[in-house]
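Biologist: I want to go through the labels on this model one by one. For each, tell me what value stands behind it.

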Amino acid sequence: MFKEFKGLNLPQIDKEILEYWDNAQIFQKSIDQRDSNQPFVFYEGPPSANGMPGIHHVMARAIKDIFCRFQTMKGKRVERKGGWDTHGLPIELSVEKELGITKEDIGKSISVEEYNDKCRETVMRYKDKWDAITKQMGYWVDLENPYVTYTNEYIESVWWLISQLYQKGLLYKGYTIQPYSPAAGTGLSSHELNMPNAYQEITDISAVAQFKVKGEVNTFILAWTTTPWTLPSNTALAVGKDIRYVKVHTFNRYTKEECFVILAKDRFSSYFSEQQPDLQPDQMKAGNQPIPYIEIVGEYSGRELEGIHYEQLLSYVIPEGKAFEVILGDFVTTSDGTGIVHISPTFGADDFKVAKLNGIAALTVPDVNGNPMPLVDKQGKFVSQVTDFAGRYVKDYGQKEERSVDTDITIKLKTENKLFVSEKYVHSYPHCWRTDKPILYYPLDSWFIKTSSLKERMVQLNQTINWKPASTGEGRFGKWLENLQDWNLSRSRYWGIPLPIWRSADAKEEICIQSIAQLKMEIDRANDVLGLQQSVPADLHRPYMDEIILVSANGEKLFRELDLIDVWFDSGAMPYAQWHYPFENKEKFEQNFPADFIAEGVDQTRGWFYTLHAIGVMVFDSVAFKNVVSNGLVLDKNGQKMSKRLGNGIDPFSTIEKYGADATRWYMISNAQPWDNLKFDLSGIEEVSRKFFGTLYNTYSFFALYANIDQFKWSSAEVPLEKRPEIDRWVLSELNTLIHLVDTDYATYEPTNATRKIMEFVDENLSNWYVRLCRRRFWKGEMSEDKLAAYQTLYTCLNVVSRLMAPVAPFFADWLYRNLQEGALEKGPESVHLALIPVSDSGIIDHALEERMAYAQRISSLVLSLRKKEKLKVRQPLQKMLIPILNDNFEKQVEGVKDLILAEVNVKEIEYVSGAGNIIQKKVKPDFKSLGKKLGKNMKAVADALASLSQEDIQQIEKSGSFETNISGEIIQLTKEELEIVPVDIPGWLVATDAGLTVALDIQLSDELIAEGMARELVNRIQNIRKSSDFNVTDKIAIQLEALDFVKPAVKKYASYICSETLAEKLDVVEKGDGGEMLDLPEGEIWIKVTLS
RNA sequence: AGUCUCGUAGCUCAGCUGGUUAGAGCACUACACUGAUAAUGUAGGGGUCGGCGGUUCGAGUCCGCCCGAGACUACCA
């Protein structure tokens, strides 16, 4: 028996199937039953369980799941090891927040040990939620044996990778200006700077400062800055060597003092208005409008300005060495500012470089250890030496200040005759992706990986990767690789993998540890030499690692470099570290590298996708993955980003509970290509569940209902194809076409196309054509070969659809598949996920048949629209329809589906009208595609000429097979093949036309037809009574009908028809009696009584 | 600031290498149908295919500029 149901309840199906999967170990079996020599390698990008899963995670994981399930159903063994990303800033920051501490407190009010314990404890906080969503959404991944990045095994593998890089000479330590987040207390790598939303529009105070030239009276060089807080650190001014500069005589707008200022000629008009030779000081107004000037007194090239000395602008600290000179910089432009750039070597990458090149000193003060440090400390505060602003944050890292430091500095400059002008300036500025605070460019000591040296190889190997969409690989990722900077590996934090490098105090000797065994050896040696009692710590994190002292070959003490390794390295190391390679599982690793497939959000392009690729290329000279799908963002239904602040987030748990996982997944995949952003709208899920799942459910219900009545069981001994009716062969042809297309779509990572095609087949072909037209075959009579063929055909369609949809809708597909299995004599695999994707049989595909049926559908549609126009019910039979013949093949094709059409539109016969006669009115159009090239300019004139032809002209063309016309003196000859002749009308008939197809309908009604229509009307009413009386589909009935004139002919002629249609054993025409009911027919009211017999 | 992608009906999306009535689904309106009924059919309204210009016999499709959205890049003073 096939199970029958009362209604579709997708969430209920989820629950039942989940329980079944658990009990029967289906996930495990889906791996175990596959050949280990046929692997499909998938890498799970580790999520951090530190935050709640969102709906976008459901999206990303649905994509991963689809292709893993598909490949399993292609016979591949797809192991999916889960993983957890456990280190890094997000966790540290949430712990800091919870404990109410800042980075400064770590090691003081809380020990590193306690702090890291807290991190370890926090990192798995939402693991339960993650496990729950994983399960509920039907994402199959091995959560029993996940890799966890904080374990010693994982760390050891990372160390090994680092040591490989070290041995290849790819690791170096450098002092550079780097993006630094005072709020997070760490430097940021370039890919962190490229996280979405890192660059934000902010308004800064920009200032044009006046630098007083030494040895000249009241002469100033103007330099523009958007960071006035860097002015105390100024030690040079840069000009462009070929830029022209002018010296202008005017007054300072604030102090009214007379002055001569120097700026780029190109920038002059941005700051100065009209010339006023007799300008007086009191005519100067404050504000930031251009000011008048007295005259331009000189012009110079940048090269001429080089070497000019100027006075220090703000002399809090006196630099050691050369400073306060004009130097040349090739980065100087005149697109902004004054064409002169203020240089503070401690706070700008260009500044640092150009200062070094010119031997210009940096402004530093000694720190507690006597090492030089900039005038701003690592929390972003001015040091005490900057007396006026000591202790103040240069950006809003602390509590909100009434006036920013930038403002106060400009005020100070203003009063000291050092400010030319200041104004607000809007620009995009990088912000820390975790703390959302502006970053500083700050001089830091860091370890780098020389990724730039392997740039070409990375680009080259990237070209072998199949990116979905391709533009992400070529464009976004490819361009990124082409402009690759060295990877800053250092993080000065606490919770992460310690850098396994020990260095001597003078930095002359160092060692890079590659394994725990090596560490133990080195510790033993150090213990020997130094007489210590050290051992390998049980936990390889800080602070334990920091305490270990090693010894160099020369007997020098070596101390661990305190930095941690960038967490992105952790996740990029997962192909190796998940197997604890190379210390264990060498074979396993080799079988599972590189990955066949990975998928993550597009925001991982510079994150995980990059780190995987970089490590793969650098250490193994290989890609780390062959196919990658990067999905877009999940936005709210208005296209806004989902955020806690806006409260427009979609809760994945309640969504799945309400609509079911399948409808949610199907909606996400079918609505838009995964790489396009998804505007997530719950009403879209409803539509999918109604239209697709509802229709499919109804189709199954219909099948189950009748199959059970007829005791149908499926077996492979099927009615041969050639013995099945046209419509069966048609739907099977369409089905096999579908299999081929869907299989190709999945194989090429096009899930959206796959789902759309499945939906169309289920809705258009299966439900609204095949089942609708075949209903009668299921209803009546005993089991016959035709009926059996119908059951088998429908069974096959449902079974195939269940397998095709399984990757995207794993629950419903299994439910459907297993329900079908209930009625199968020969059992297949117990779950659809253990079954194989069906193989398309090209022998079943019949294009002519598909075309034929398309004609049938279109012709039926035309006839129905004509009936509609004339208000002729489909129940009323009509005598005849006329179809003009387009070509020889056409009549044959239509004739093949004639019976279907006639039954569908309730017409008795089709008459074909050949083109030869003059019954049909026609239209001639040129075949633009082929004629365009031939005719060129005359194309339009010819088209016009054809349009104005009379019916006689067209007949002439059909007879002669050619057409000739004169276009402005030029004779143009066209053959029939270059023209398209289509029927448009049959005068005197009711005609409908659609894209070259024309149908005419005879709407004359004879008494005969009217009687038959009445009979059908009665059948319909009686069926309704059966239904409203809750009779069983198989119950027999007796009918009493009032003897009125308008039904008599119908009953007389069609009594047996009425009886067989309604399962009536008796039909009596009688006088109106007791009980029963009144029927409202077009001709009048009539009494009827229907009883069970 | 630059680079890239995108802009088609109220909404979500198709539209192949340029070819002559620009499509589908949803939503809306009306009428049908109803042994699958949380369906279905038919019809209707709704589009200057973001704007302007160019190439072409012909442009939603190719090119340029502009506007708008998004992503990316950037040390930008």
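Modeller: Start with H580, in the loop between α18 and α19. This is a predicted model, and local features are reported only at pLDDT of at least 70.

Biologist: What is the phi of H580?

Modeller: H580 has a positive phi, about 55°, and yet is not a glycine.

Biologist: Why is H580 called buried?

Modeller: Its relative accessibility is 10%. Buried means under 20%. H580 therefore counts as buried.

Biologist: Which peptide bond in this region is cis?

Modeller: The one from Y581 to P582, with omega near 0°. P582 also lies in the loop between α18 (574–577) and α19 (586–591).

Biologist: And what makes the bond from R542 to P543 cis?

Modeller: Its omega is near 5°. P543 sits in the loop between α15 and α16.

Biologist: Where does Q534 lie?

Modeller: In the loop between α15 (516–530) and α16 (544–547).

Biologist: Why does Q534 count as buried?

Modeller: Q534 has 15% relative accessibility. The cut-off is under 20%, so Q534 is on the buried side.

Biologist: What does Q534 touch, leaving aside neighbours within four places in sequence?

Modeller: Its contacts are I523, A526, N527, E547, I548 and I549.

Biologist: How far is Q534 from D841?

Modeller: They are 307 residues apart in sequence. In space, C-alpha to C-alpha, the distance is 70 Å.

Biologist: What phi does Y749 take?

Modeller: A positive one, about 60°, although Y749 is not a glycine. Y749 lies in the loop between α24 (726–747) and α25.

Biologist: Is Y749 buried or exposed, and why?

Modeller: Buried. Y749 has 5% relative accessibility, and buried means under 20%.

Biologist: What makes α3 roughly perpendicular to α22?

Modeller: The axes of helix α3 (residues 55–73) and α22 cross at roughly 85° and come within 10 Å. The range runs from 65 to 115 degrees, so α3 counts as roughly perpendicular to α22.

Biologist: Which residues meet there?

Modeller: In α3, they are I55, V58, M59, A62, I63, D65, I66 and R69. In α22, they are R665, M668 and I669. This contact has eight nonpolar residues, no polar ones and three charged.

Biologist: Which residues of helix α11 (residues 349–358) are buried?

Modeller: D351, F352, V354, A355 and N358. The cover on these includes β3 (171–181), β13 (325–328) and β14 (340–343). Just after α11, G359 has a positive phi of about 70°.

Biologist: And which are buried in helix α12 (residues 405–415)?

Modeller: V405, D406, D408, I409, T410, K412 and L413.

Biologist: Step back to the chain. How many helices and strands does chain A have?

Modeller: The secondary structure comes to 35 helices and 42 strands.

Biologist: Why is chain A called more spread out than a compact globule?

Modeller: Its radius of gyration is 41 Å. For 1093 residues the globule rule gives 31 Å. The value is well over that, so chain A is more spread out than a compact globule. The C-alpha trace spans about 125 × 90 × 60 Å along its principal axes.

Biologist: What share of chain A counts as buried?

Modeller: Of its 1093 residues, 56%. The accessible surface is about 47300 Å², with 47% of it on carbon and sulfur atoms.

Conventions
Residues numbered from 1 in each chain as written. Chains lettered and ligands numbered in written order. Predicted model: local features only at pLDDT ≥ 70, side-chain atom pairs only at ≥ 80, totals over all residues. Heavy atoms only, no water. Helix = DSSP H or I, 4+ residues; strand = E, 2+ residues; numbered from the N terminus. Rg over C-alpha atoms; globule rule 2.2 N^0.38 Å. Buried < 20%, exposed > 50% of the residue type's maximum accessible area, 1.4 Å probe, protein only. Areas by Shrake-Rupley, 256 points an atom, 1.4 Å probe, with all protein chains shown as cover. Contact = heavy atoms within 4.5 Å. Axes fitted to C-alpha atoms, helices over the stretch in contact; angles between N-to-C directions. Parallel < 35°, antiparallel > 145°, perpendicular 65-115°, else oblique. Nonpolar A, V, L, I, M, F, W, Y, C, P; charged D, E, K, R; others polar.
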